[in-house]
There are 2 protein chains.
Amino acid sequence: MISEFELIRRYFTKAAGKYTRLGIGDDCALIKVNEGMELALSTDMLVSGTHFFSDVSASQLGHKVLAVNLSDMAAMGGQPRWCTLAAALPEANETWVAAFAEGFFALADRFEVDLIGGDTTKGPLNFCVQIMGEVRTGKALLRGGAKVEDDIWVSGELGGAALMLKHLQGQILLSEELVQQCAKRLHTPEPRVALGLKLINIANSCIDVSDGLIADLGHILERSQVGAELWLGAIPSPLIPDIDSLELYQCMLAGGDDYELCFTAAKDKRALIDDISSSLKLRLSRIGIIKRESGLVVKDHQQNVVELAIKGFDHFG
Amino acid sequence: MISEFELIRRYFTKAAGKYTRLGIGDDCALIKVNEGMELALSTDMLVSGTHFFSDVSASQLGHKVLAVNLSDMAAMGGQPRWCTLAAALPEANETWVAAFAEGFFALADRFEVDLIGGDTTKGPLNFCVQIMGEVRTGKALLRGGAKVEDDIWVSGELGGAALMLKHLQGQILLSEELVQQCAKRLHTPEPRVALGLKLINIANSCIDVSDGLIADLGHILERSQVGAELWLGAIPSPLIPDIDSLELYQCMLAGGDDYELCFTAAKDKRALIDDISSSLKLRLSRIGIIKRESGLVVKDHQQNVVELAIKGFDHFG
């Protein structure tokens, strides 16, 4: 059986990049934060049976554990630079670990993120990544900055990951074409790092949609002490004419795992935001407006208020 | 059942300290690293059944998951300032979580460490802490700096945690007095942060003894490309006349979980190190010497070479 140290040496030790003073191999890693910058950091733990099926592709899982953390960095407008990875594995299956590392580093390399530390242990399958990055002091995109009359925006499409999950659970049957589209959303989400960076000085508030739009926008509203009106017809989603519309709305509004950015910005930023959309080739949709009155009102295509029995994901709810 | 958000709000949200710009509650935390300092960081994952018994005291476990990380910071000579905590819990048992938080924050407050982020999820019991701190640029205590003729030192006593583990597993029977002494070593280890800070500019290399002295000193030797001679009779341990001496040696040399510091320093630093020992009221023992020839030789009280069939802990070995 391959040893813990050999596993780390063979699959998880890479040359440190230019922002890393000392990477894997000592009691701590050492990094230097550039002058005028704050360090932004976030951590997410993914557990077999809770966040992914035990038979998930190792390579896709390697991608996803990093992607969900990069998404938190994106939501702050941060430039990701470093990460750590702690893993509990039931056994040291070298083929599986190699595939996991391949998925992980393919994404890490694309975003120029250094893996600078971690831990490997025996236990029920569990991955904990901490992402670290830089953001100019005082410029981070926070949840608490939404202002009355701000437009509410969302990137990409919502609901794809939740639809795929329902398909895998046998609750709905997606067409071959939609499976292709939605599987990517669930298994290899694309963190919106470039968008987050471009939203600095433009967005008043920002969050990534990981628990579902209603829940995550709810955090913005709570922190900013405002309310909002959402327009169902404006929320972008995979086009699924054969799915019951209530089921689709549930996925769009409360389906987690989308990892798009939801942000608010003043009306006079619309042209700038459209330019960002063009330059990134990323759909950015205006889906509502921030209101002075607390609470969240959702309106349908006919401007009728929709009653929602929808909440975001709560692990112990 | 208490919700995930309420659990975090009630037990894990504290006012941020003066080095934290933004603590728990947004997509990322924000910290500012002081000028002239590098950020040191380390992460450790503790899993039920692998690192602790499932019926362990929640309060002691709260202490330990932070202590083992603080120990890594100590081994670099770093000043701990911030940490994150990710936890997978089988259920949201509020009493258990409250006791865990009490043990965790008692230690965090003592070392003035801010909990600035984390994650809570459902799953087999698992804790992942990342510790972050500051160390003056270029001054960190590394594993690779040991020099030929350096003294090898160790703090405190070795073997207590491993003896307690053997006692709990029914392999040996400790006296009531020794149980008291060794239980502390296993359940609530004391990270040697103050020692690490004082060793800057004094020690040439340093590591914390988490996997066992032989294994951890082995990392120093490998990184420094040197060998060493260890003196069994000089290694401090709980006084256990009724334990078979081979079993005691096994615990002293290969027992993990001690969290003492092993460091090397030039001979002319002996007086300074004795002063540190006095000022910290912490035993510091000279237990060997660094040699040019690679390999580790252990000598007994009569200066005879002892053959060792001992290795450190490997999770997949």
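## Reading sheets, helix packing and a cavity

Strand 3 (residues 37–47) of chain A and strand 2 (residues 29–31) of chain B run antiparallel and are joined by three bridges. The model discussed here is predicted.

User: What is the strand order of the open sheet of six strands, and which strands stand at its edges?

Analyst: The order is 5(A)-4(A)-6(A)-3(A)-2(B)-1(B), and the pairing is mixed. At the edges stand strand 5 (114–122) of chain A and strand 1 (20–22) of chain B; each has a single partner strand, so one side of each is left without a neighbour in the sheet. With direction ignored, neighbouring strands of this sheet are turned by 20° against each other on average.

User: How is the packing of helix 2 of chain A against helix 3 of chain A described, and is the crossing left-handed or right-handed?

Analyst: Two packed helices are described by the angle between their axes and the distance between the axes. For helix 2 (residues 58–75) and helix 3 (residues 94–110) of chain A, the angle is about 40° and the axes are 6 Å apart. The crossing is right-handed. Among the residues that meet are L61(A), V65(A) and L66(A) in helix 2 of chain A, and W96(A), F100(A) and F104(A) in helix 3 of chain A. The residues of this contact divide into twelve nonpolar, four polar and two charged.

User: At what angle do helix 2 and helix 3 of chain B cross?

Analyst: Helix 2 (residues 58–76) and helix 3 (residues 94–110) of chain B cross at roughly 40°, and their axes come within 6 Å. This crossing is right-handed. Residues making the contact include H63(B) and L70(B) of helix 2 of chain B, with E102(B) and R110(B) of helix 3 of chain B. By class, the contact has twelve nonpolar, four polar and two charged residues.

User: What is the strand order of the open sheet of seven strands in chain A?

Analyst: The order is 8-10-7-11-9-12-13, with mixed pairing. Strand 8 (203–209) and strand 13 (305–306) of chain A each have a single partner strand, so one side of each is left without a neighbour in the sheet. Within chain A, strand 9 (residues 227–231) and strand 11 (residues 284–291) run antiparallel and are joined by four bridges. In strand 11 of chain A, I290(A) stands opposite A228(A). Helix 2 of chain A lies across strand 8 and strand 10 (260–265) of chain A, at about 170° to strand 8 of chain A.

User: How many cavities of 30 Å³ or more does the structure hold, and which residues line the largest cavity?

Analyst: Rolling a probe the size of a water molecule over the atoms shows where empty space is left. The structure holds one cavity of 30 Å³ or more, and the largest cavity has a volume of about 40 Å³. Its lining consists of T43(A), T84(A), C128(A), V129(A), Q130(A), T43(B), T84(B), C128(B), V129(B) and Q130(B). Strand 6 of chain A and strand 6 (126–136) of chain B are the elements that give two or more residues to this lining. By class, the lining has four nonpolar, six polar and no charged residues.

How values were computed: Residues are numbered from 1 along each chain as its sequence is written. Chains are lettered from A and ligands numbered from 1 in the order in which they are written. This is a predicted model: local features need pLDDT of at least 70, side-chain atom pairs count only at pLDDT 80 or more; totals for chains, interfaces and linings use all residues. Side-chain values use heavy atoms; hydrogens and water are left out. Axes are lines fitted to C-alpha atoms, for helices over the stretch in contact, and angles run from 0 to 180 degrees between N-to-C directions. A crossing is left-handed if the near helix is turned anticlockwise from the far one by less than a right angle, and right-handed if clockwise. Contact means heavy atoms within 4.5 Å. Ala, Val, Leu, Ile, Met, Phe, Trp, Tyr, Cys and Pro count as nonpolar, Asp, Glu, Lys and Arg as charged, and the others, Gly among them, as polar. Two strands pair if DSSP finds at least two bridges between them. On a 1 Å grid over the protein atoms alone, a cavity is a set of points where a 1.4 Å probe fits but cannot get out, and a pocket is an open set with protein on both sides within 12 Å along at least five of seven lines; lining residues have an atom within 4 Å of a point. Grid points are joined across faces, edges and corners, and a volume is the space filled by probe spheres set on the points.
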